[in-house]
Amino acid sequence: MASTALEIIAFVVSISGWVLVSSTLPTDYWKVSTIDGTVITTATYFANLWKMCVTDSTGYIQACRGLMIAAVSLGFFGSIFALFGMKCTKVGGSDKAKAKIACLAGIVFILSGLCSMTGCSLYANKITTEFFDPLFMEQKYELGAALFIGWAGASLCIIGGVIFCFSISDNNKTPRMGYTYNGPTSVMSSRTKYQGGEGDFKTTGPSKQFDKNAYV
């Protein structure tokens, strides 16, 4: 029962992380930059992995795109494996087979989280490096909300995957009832055992002791 609860928690956490990671792809605010006027902000620049004000096809952008796409794809397959491996579902085969599938789902979710974490961290590292570089004269950006959503989703995927893996070890520790077969027991041997223990219940025939005047 405890392992089933762990699997449900892992599934909810992992799916939540995967949804968060997926939501970062169409989000525009991966990095933002504002130009302040005398009274109010006069302009705001923002960019994501797919579009920005200036065309940028540098290597780190391509790497971030590949990592985020890999994270979303792995999360999708991880959710499918999790549905087959959870005890509360009717598919997946025997308990031993379902345990292996659930462990595979946990590993896939961990890989998904690592891909998302790496992609967001590479992008954030590039932004902070340019922002604090005094020799960088182009437009400088700050960290956008999509990066924090990506980090949160990656963390949830990793946590859910670890819980899936630990639920397998909990299944292996579940005690099983053992039965030993001692062979057939004869009627005489069972009677002997029954009369040989402490506080045994002995069945004896009625005492037929008759006095000499019993029939008088």
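So, residues 101-124: their end C-alpha atoms lie 35 Å apart, and the span is 100% helix and 0% strand. Helices here are DSSP runs of H or I, at least four residues, and strands are E runs of at least two, numbered from the N terminus. This is a predicted model, where local features need pLDDT of at least 70, side-chain atom pairs count only at pLDDT 80 or more, and totals for chains, interfaces and linings use all residues. Residues are numbered from 1 along each chain as its sequence is written, and side-chain values use heavy atoms, with hydrogens and water left out.

UniProt, in an unreviewed entry, lists "transmembrane region" at 5-25, 67-89, 101-124 and 144-168; such annotations may be inferred rather than shown by experiment. For residues 5-25, the ends are 31 Å apart by C-alpha, with 95% helix and 0% strand.

How confident is the predictor? On pLDDT, its per-residue confidence from 0 to 100, the chain averages 75, and 67% of the residues score at least 70. Helix 3 has the highest mean, 91, and helix 5 (residues 187-196) the lowest, 46.

Now the inside. The largest nonpolar core has 20 residues, with W30, L49, M68, Y123 and L147 making the most contacts within it. By core I mean buried Ala, Val, Leu, Ile, Met, Phe, Trp, Tyr and Cys joined through side-chain atoms within 4.5 Å, buried being under 20% relative accessible area with a 1.4 Å probe, protein chains only. Helix 2 gives the largest share, six residues.

What does L147 touch? Beyond neighbours within four places in sequence, L147 contacts (heavy atoms within 4.5 Å) W30, C120, Y123, A124 and I127.

Technical notes. Buried < 20%, exposed > 50% of the residue type's maximum accessible area, 1.4 Å probe, protein only. pLDDT = per-residue confidence, 0-100.
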